Amino acid sequence: MTSNISIIQCVNDLHLSSGGPSKTVISLSSNLCKLGLDIKICSRLTNTFDFKSANIKENSDISFLNFNQKKGAFYRPLINSYLLKKLNLNFRNNKKIILHDNGIWLPFNNTISKFSRSSSVPLIISPHGMLEPWSLKYNFVKKKFAWYLYQRNSLKSASVLHATSLKEADNLLKLNLNLPVAVIPNGVEQSIYKDIFKKSDFLESNKKNFLYVGRIHPKKGLMNLLRVWDKIFKNNNNCKLMIAGYPELNYLDELKNYVSKNNLSANVKFLGPVEGDDLVNLYKNSDIFVLPTYSENFGIVVAEALSYGIPVITTKGTPWKVLEENNCGWYIEPKLDSLKKALLEAFEINKNDYAIKSKNAINLSKTFNWKKIAKSFFNLYLWTLGEIGKPSSIVS
């Protein structure tokens with residue numbers, strides 16, 4: 001049944017600086033290959049793309065379609081003409097193809113939608129949080145113009161929208177696009193459990209290492225974290241805050257200036273981008289993960305941290321209410337007072353309570369198993385092609 005079904009995973013950029021989709025598209029594609037689907041990834045590959053860090057094996061069944069615009073190609077600001085030509089050449093006459101686009105707003109995404117409409121190829125769109133209320137308000141005028149110029153029509157050309165949480169699904173439904181919405185979470189690689197760090201054995205003193213991993217972007221609430229840190233942990237030799245990730249919009253300079261101005265350099269460290277084995281070691285040597293974000297459709301770094309047995313502090317701007325329900329973290333309002341209280345509780349937690357939270361964190365992370373998640377997408381693709389009944393992931 002699957003031998004002649006091709007899934008074209010579309011993502012503008014696979015460089016790790018692009019955030020969550022650069023990881024999830026690769027992991028999902030690898031697991032879909034194991035289910036017998038023909039998987040192709042359509043992406044703008046660059047010379048800096050690291051196949052090893054992206055977890056792509058040399059003998060992988062995944063194939064790639066590079067859509068870099070060639071010099072001298074006809075210029076259309078909202079369409080990548082070279083990509084459109086390549087899609088028409090490779091996929092127009094195939095009757096069992098699904099386009100799965102990851103992201104919106106860009107000419108790349110608009111081109112995928114245009115090809116879907118012109119060729120009647122079914123399209124699934126995963127906005128990855130780009131339609132969350134906070135994100136829509138950010139650069140509001142520009143996005144409002146784009147919404148009415150092309151983005152609303154591009155979305156309506158989809159067969160189904162994919163949300164990574166019920167929270168994101170609810171926000172998609174409020175847009176009144178009259179499209180079905182499927183809820184399927186992101187996953188984390190299960191191989192890390194083989195080398196899980198025993199946090200309860202490590203936590204022998206009152207010292208705590210707090211960690212943030214992710215894009216260095218105003219949405220992530222890192223300035224709030226530094227302001228609270230200044231009030232409660234300044235010059236405290238028993239705790240350290242490590243901030244790792246790719247900088248955006250000169251926001252890193254703003255954060256560094258605050259740290260310098262307020263003399264926080266003794267226990268606040270900016271690590272820059274950290275990937276591969278270095279990231280594994282960073283997780284292993286951290287005690288509390290902090291994501292003080294204003295908005296998140298999922299937050300793959302939360303699932304990653306949990307898989308290493310790290311309790312998590314995050315905000316109600318994320319869909320991670322299960323942290324409190326499963327006693328493996330703090331789920332707080334995105335406010336200074338709430339963040340201050342959670343950080344102090346995490347710093348003062350005793351060894352036994354920490355061990356319980358750590359064990360619960362690992363157990364919760366196991367629900368985000370890529371094999372199970374790939375099967376859910378597999379059923380969604382078959383339903384989109386009309387080969388099975390409506391899967392349980394569809395919420396509307």
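Is Cys-42 buried or exposed? Cys-42 is buried, with a relative accessible area of 0%. Buried here means under 20% relative accessible area, exposed means over 50%, and partly exposed is in between, using a 1.4 Å probe and protein chains only.

Before I go on, a word on the model. This is a predicted model, in which local features need pLDDT of at least 70 and side-chain atom pairs count only at pLDDT 80 or more, while totals for chains, interfaces and linings use all residues. Residues are numbered from 1 along each chain as its sequence is written, and side-chain values use heavy atoms, with hydrogens and water left out.

Back to the cysteines. A disulfide is a pair of cysteine sulfur atoms within 2.5 Å, and by this rule the count is zero. For Cys-42, the nearest cysteine sulfur belongs to Cys-10 and is 4.9 Å away, and Cys-42 is in no disulfide. Cys-328 is also buried, with a relative accessible area of 0%.

Next, the sheet. Helices (H or I, at least four residues) and strands (E, at least two) are DSSP runs, numbered from the N terminus. Two strands pair if DSSP finds at least two bridges between them. Strands of a sheet pair through backbone hydrogen bonds, either parallel or antiparallel. In this model there is an open sheet of seven strands with parallel pairing, in the order β3-β2-β1-β4-β5-β6-β7. Its edge strands, each pairing on one side only, are β3 (63–66) and β7 (181–183). On average, neighbouring strands of this sheet are turned by 25 degrees against each other, direction ignored. For that angle, axes are lines fitted to C-alpha atoms, for helices over the stretch in contact, and angles run from 0 to 180 degrees between N-to-C directions.

Gln-9 has His-100 in β4 as its bridge partner.

Now the salt bridges. A salt bridge is a side-chain nitrogen of Lys or Arg within 4 Å of a carboxyl oxygen of Asp or Glu. How many salt bridges does the structure hold? The structure holds nine.

In one of them, Lys-167 meets Glu-132, with the closest N and O atoms 3.1 Å apart. Lys-167 lies in helix α6 (residues 166–173) and Glu-132 in the loop between β5 (123–126) and α4 (133–137), so the pair ties together parts that are 35 residues apart in sequence. Lys-167 is partly exposed at 27% relative accessible area, whereas Glu-132 is buried at 2%. Glu-132 also has a polar contact of 3.2 Å with the side chain of Asn-171, through its own side chain. A polar contact is a pair of N or O atoms within 3.5 Å; within protein, one must be able to donate a hydrogen and the other to accept it, and residues adjacent in sequence count only if both atoms are side-chain atoms.

Another salt bridge joins Glu-296 and Lys-220, with the closest N and O atoms 2.8 Å apart. This pair links distant parts of the chain, 76 residues apart: Glu-296 is in the loop between β11 (288–291) and α11 (300–307), and Lys-220 is in the loop between β8 (208–213) and α8 (222–232). Both residues, Glu-296 and Lys-220, are buried.

The last one I show is Asp-230 with Lys-234, at 3.7 Å between the closest N and O atoms. Asp-230 is buried at 19% relative accessible area, and Lys-234 is partly exposed at 35%.
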